[in-house]
Amino acid sequence: MEMAGMGELVAESSNIKSTSARSAEISKLETNVKPTATPEEDDSSMSSSVTEIFDPSEATTTGQWGYDSNGTWRRHGSSESATSTGLSSISSSVGTDDRLIDRTTSENHSKKRMADGTLKDTLVGLGAMPDTTPAHMSRPGPTNIVNQTAQTTPLKRRGRPPKDKSATIGFAGKVRRASMISKLHDRVRPRSSIPAQLPKDVFASECIGAAQASRLDPYALHSGEHQLLADMLMNKEVTIYLNIRNAMLRLWTQNPLCSVTAEEAAGCAKEARFFGLAEVAYKWLVRNGYINFGCVEIPKETSAVKKSAKQKTVVVIGAGVSGLTTARQLEGLFAQNSERWTDVGERPPRVIVLEGRKRIGGRVYSKPLRSQVEGSLPGNLRNTVEMGAMIVTGFEHGNPLDTIIRGQLGLHYHLMTDALTIYDTDGKPVDEETDMINTELYTDISDRTGEFRAAPQQQNTLKGDDELIDRARDPIADGFEGFKLEPLFPVDNAKHRKPVLKRGRRRNAPPGTEKLTGRSRVIEESGATQSAARAAKTMGWQLKEDVAKNQSISLHRVAQASLHPTLGTIMDEAIEQYQGLVNMTSQDMRLLNWHHANLEYANAAPVSSLSLSGHDQDTGNEFEGAHSEIIGGYTQLPRGLMNLPTKLDVRFDHIVESIHYNDGSDPDLTTKVVCTSGEVIQADEVVITAPLGVLKSDAIDFDPPLPGWKRGAIDRLGFGLLNKIVLLYDKPFWDDSRDMFGLLNEADHRDSLNPAHYAKKRGRFYLIWNASKISGRPMLVALMAGHSAHEAEQMDTNSLLSDVNNRLRKTFAPNVVPAPTEVIVTRWKRDPFTRGTYSFVAPETRPGDYDFMAEPVGNLHFAGEATCGTHPATVHGAFLSGLRVAADVMESLAGPIALPNPLVGPLVLKGEAMQQYSTTQALVEEGLGSSRARISISDETNTQPTSEPTIKQEHDPTNLASIPHARSNPTAKQTGGPPRHSVCARDRSFWVQPAAFDSADLNYEAGIIGTILSQIGERPPKPKRPGVNPFILFTKDIWDEVKAHCSANDPQAGRDAIRQTIGKWWRESSEAVRAPYLAASQRAQEVADEVRVEWEREAQKWDEEAREIRGRYVRDHPPTTVGKGSGRGGVAAEAAAVGLSKRRTNVSNCVVLDHA
């Protein structure tokens, strides 16, 4: 990103298509509006223009690599965030608040994976458990991968520089199907999406940041993932899954102009046996809108399905942000899961969007000015005014609009400053100290009302290993014996987990950027821990003479006086009680009521209409970063959603009269959407995104009527109102460097100290925005909140203009305030397609009402900001609701996510460990006279499990299996093979059954082993390899020096900068500097070689002696033939008597033989 002019940011261009070029295309979609001669009263339902279609052929999806300004290897087009102000809550989800999980699962759940890849729970006793596979484990669809035609363009790769080898192995085609990821063992290399040259700590930091930027906890499963996988994963597999999922999110956030492919998803796994986990993560992220969403081109799978084939229809009602997001997301989901329909001879479903207006955007409406000045904005953007939504409330840590606005569309935007001056009724600015102590007092009162707020629900989901995730490491397969984390460079978790300054939508706090939208910072620790008098004294207030420092205020009586108490009643009561403690003036009352007006703006309702217990129920889900405005109009966002990468089927002037949906009572019932024009559209699924105000007005008839629980939520939630008056001038008479200023309003009774006397007028022009930066013209936008917003619906424009001009002349005197050249007044209550602005929590609202709003009724689905309990009353909330409802529709049409079977493949031995195990296993089998226990160990490292499980042996100091022995006795009984089902020691199938071994065989072999051990002892253990690296030694010596060097240049330099500097110094160091470290490493290697040679000599000697002892024992004690049926009663007891375990071979990570 690059800053130009007065803080205007221009998005970074990409190789796919310059994002500024996309901005220019969006601006070209707009046409000039004919000028009018009189001030215009807008009902917000007028069309801005007729849009045109983008040329999809101009956009490609090929990413190119290069170094950024920091020298980091990245793909161009990456949506890097601006300076972060901290972390946001990771408890938010794609849609409404997640419900509590009925079953609380322990973090260290006890599960074991079977040989076939499925899981079995441990049992209380040793009773056998039937080996059953859950029905949802069976994956529908074809088993063969459809080979696609090789693309002429080179394969796009993520996470690795171009010089690295291709991720695919001997396969030139594209794999479109997510269901094939678990079968890509011979086509995709593990780790192919993990950059080899990127330090692990840097890679881990990027993965963690990507998860947080996606509103996900990098260290724990989302509730949706938990419900899908809680019964499918072993404890350490949770960490593996999270590392894979976070790596996929990193691919997406690095460049959201390119969709994450199935091959890239598989390459996020470090072993091929975890491709099943990669498949689940990929499917879940795609379906729920965490990757591959927005204006990104999705590669489509070619099919031979005829155009006349059956095709289902999804109708989306409303072309606002939520409706367009729903349609765009469904188009992408249908393309990425097209095999669900093409494999059965159907075409993927189509999506139709019905819009009653002549324009898109809904409550996002950038109205063109009558007079346009060419070149006043970059990219030939039009001069517009925001009639509705205006602010992007922070791009950082989870706002999905960051991906669309900055990462894909590349829109120009203006970062707002937090400078704010408040002017009193006499036109003089309020003293800064007076402003501050009143702001702190209002914050204290808000904190005291927090005692009555409803406690948020907590969720318990499976968690991974924080230390391993901080280092992007998976748990080792053989347990944690000898496993150590890197102690030299501990990851600074504080940078990911520092306390968050949460900006509550319903709260106020000290002056700053938060005043821009009323979403002020929320202090988690209550400020009401001390008495009110002492708190006021600390703020700077002067206590009255007869007030003791421990005197406080009490709000319980007023709060309990009503069944549905309101926030305004309690806060006004607190103000009155504070008046008895401190000397409060009428100016103080005007300032406190200015904060009331700001709260009314944030909620689009008077504080007397807000719920005391739930008005700020969305607190904790706020995003971080400076607030922003879109230069050239917020409408560019919905316009991009409609036209990129292909134009959606949006039908204007289609006013819906009734919806005849299927509530599930009659499967054969046809769903129909009837328009006022008489047109009837049949649909399989219907998504309604109409504002809550429209649903409250019963403007749409539902057949059958909506159930009581849905109707109750609609009635109980509030739908508020906010209006604006827009003033356009020839030149500014105000400080054009400021983004806003505030105005205090007088009470109905002059200089009154009664809070009730301020309610009617306090929201009139209380905040005035300087919109010059985003409109390209000298423009002021005055807000009318609370009761003043409703008053504006009734007042004529001339009266409002006269009032605001008088205030401006008094405020900016002696500057001349001319008459504006253009005046626009919004009246959203009159708009039949909105009937208000956005939702709020009314006194009668229940905690689960936002969830009820999001719940479908049969095949009728609901979306919009009023269905997003985590982010209501916001554009990003509407966007998130579209992603959420698209996932719901997809589940209705295609069913739940199918899990691969097995989810995790068996552990395959490699290299030296495999060779050693194969040899020793063969010796044991020969010594026991077993032919059934012979197991073929595959040399393939990336294969799916076969009918016989792969067996892993754990290192044990008493390596009995390595003892040489005589030839097998052809008459000896055969041992049982490895367990085919369970690896759980508490399951009977884990233990040797009576028919598996003959006790005579066991006793005979145990006699040989005991004789050998008694005479020559145990076989010498194999020495470990040295781990001395010259660069590690150099780092240990130079760390403090480099740290001081980096801190001198940059006090904020972290460990990443130190490591990069150390690497640079090492590369630039001379041979003389490197020599001692290389010599130390060489000496360690020589010592290790000597130790290994000595071990080989001693081991060979021990083997020879053991062979001689075994031969003598066989000659002196020849084996006897055991009759059929003998020796089968007490195998467990006899084996225990000679010190041999009863356990079969463990198929997961444990041991082959256990020795007492």
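This is a short tour of a predicted model, stop by stop.

**Before you start.** Residues count from 1 along each chain as its sequence is written, and side-chain values use heavy atoms, with hydrogens and water left out. Because the model is predicted, local features need pLDDT of at least 70 and side-chain atom pairs count only at pLDDT 80 or more, while totals for chains, interfaces and linings use all residues.

**Whole chain.** Show the protein chain as a cartoon. It comes to 30 helices and 30 strands. These are DSSP runs numbered from the N terminus: H or I over at least four residues for helices, E over at least two for strands. Of the 1156 residues, 57% are buried (under 20% relative accessible area with a 1.4 Å probe, protein chains only; exposed is over 50%, partly exposed in between). Take contacts between residues at least 6 apart in sequence: 79% join residues at least 24 apart. Contact means heavy atoms within 4.5 Å.

**Stop 1: Ala211.** Select residues 200–212, helix α2, and pick out Ala211 in it. Ala211 has 0% relative accessibility, so it counts as buried. Now show its contacts, skipping neighbours within four places in sequence: Leu216, Pro218, Arg245, Asn246 and Leu249. Then draw a C-alpha to C-alpha distance from Ala211 to Thr253. It reads 9.1 Å, across 42 residues of sequence.

**Stop 2: helix α15.** Select residues 567–579. The 13 residues of α15 should span 18 Å at 1.5 Å a residue, and the end C-alpha atoms are 19 Å apart, which agrees. The expected span is 1.5 Å times one less than the number of residues. In α15, 10 of the 13 residues are buried, so the helix is largely enclosed by the rest of the structure. Among the buried ones are Leu567, Ile570, Met571, Asp572, Glu573 and Tyr578.

**Stop 3: α27 against α28.** Select 1030–1049 and 1055–1068. The axes of α27 and α28 are 9 Å apart, at an angle of about 120 degrees. Axes are lines fitted to C-alpha atoms over the stretch in contact, and angles run from 0 to 180 degrees between N-to-C directions. Show side chains. The α27 side includes Phe1031, Phe1034, Ile1038 and Trp1039; the α28 side includes Ile1058, Ile1062, Trp1065 and Trp1066. The contact residues divide into 12 nonpolar, 4 polar and 4 charged.

Definitions and conventions. Ala, Val, Leu, Ile, Met, Phe, Trp, Tyr, Cys and Pro count as nonpolar, Asp, Glu, Lys and Arg as charged, and the others, Gly among them, as polar.
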